[in-house]
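Hi,

Here is the structure I promised to pass on. My notes on its backbone and one of its helices follow below.

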Amino acid sequence: MLLKNLKTNFLGKNSIYYKQIDSTQNQIWKLVENENTPNGTLIMADNQTKGIGTHGRIWYTDEENNIAFSFFIKMNCNIKELKGITVKIAEIILDIFKNLYNIELQIKAPNDIVYNGKKLGGILTETKVVKENVKYLVVGIGINTGKQNFRDEIQNIATSIKKEFGIYVDTKEFITEFCNRFEKEILKIM
């Protein structure tokens, strides 16, 4: 599945779409092990059955029109140069929602996107490091854009864009905009 209006050199140029998958993050790590996988490969899914959340929780993407994607970038930098990268990713996400949808969200550092104290999304940033040198940056992003039904244990602490603002988010447009912006930032470090 191609992302329209992609202006990147590598991020998202090779994108793979799944209607349903266990976890975009698990799948991208499988691809990282294959050295023939193009740099910047991105995996998107409509539904995740075992998405990876924080503190060992599962991030459920079990309804249509939610953002769930992971990507990897080949790196060659000291681990210290990636300090604050998750917050930078969160800032880009907030900026996209502000510019495209006129929505003001907040960051609950280091990796949650929230609105009025309720979690809307999360960022999972992982690396493969050899002797303090980063070989791969692997990022997973999940955002409740269209989710309406939340499990009992999280219904008081989680929400979605649709639930809070009643608007439709074009997930492919969002992912494309993210790739265009994030590649510029990561090129400064690479």
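N102 lies in the loop between α2 (85-101) and β5 (106-108), where helices (H or I, at least four residues) and strands (E, at least two) are DSSP runs numbered from the N terminus. This is a predicted model, in which local features need pLDDT of at least 70, side-chain atom pairs count only at pLDDT 80 or more, and totals for chains, interfaces and linings use all residues. Residues are numbered from 1 along each chain as its sequence is written, and side-chain values use heavy atoms, leaving out hydrogens and water.

Most residues other than glycine have a negative phi, and most peptide bonds are trans. N102, which is not a glycine, has a positive phi of about 55 degrees. N102 is also exposed, with a relative accessible area of 59%; exposed means over 50%, buried under 20% and partly exposed in between, using a 1.4 Å probe and protein chains only.

N116, in the loop between β6 and β7 (118-130), also has a positive phi, of about 50 degrees. Its relative accessible area is 61%, so N116 counts as exposed. The peptide bond from A109 to P110 is cis, with omega near 5 degrees, and P110 sits in the loop between β5 and β6 (112-115).

Now for the helix that N102 follows. α2 has 17 residues and reaches 24 Å from first C-alpha to last, close to the 24 Å expected (1.5 Å times one less than its number of residues). Its buried residues include I85, I89, I93 and F97.

Happy browsing!
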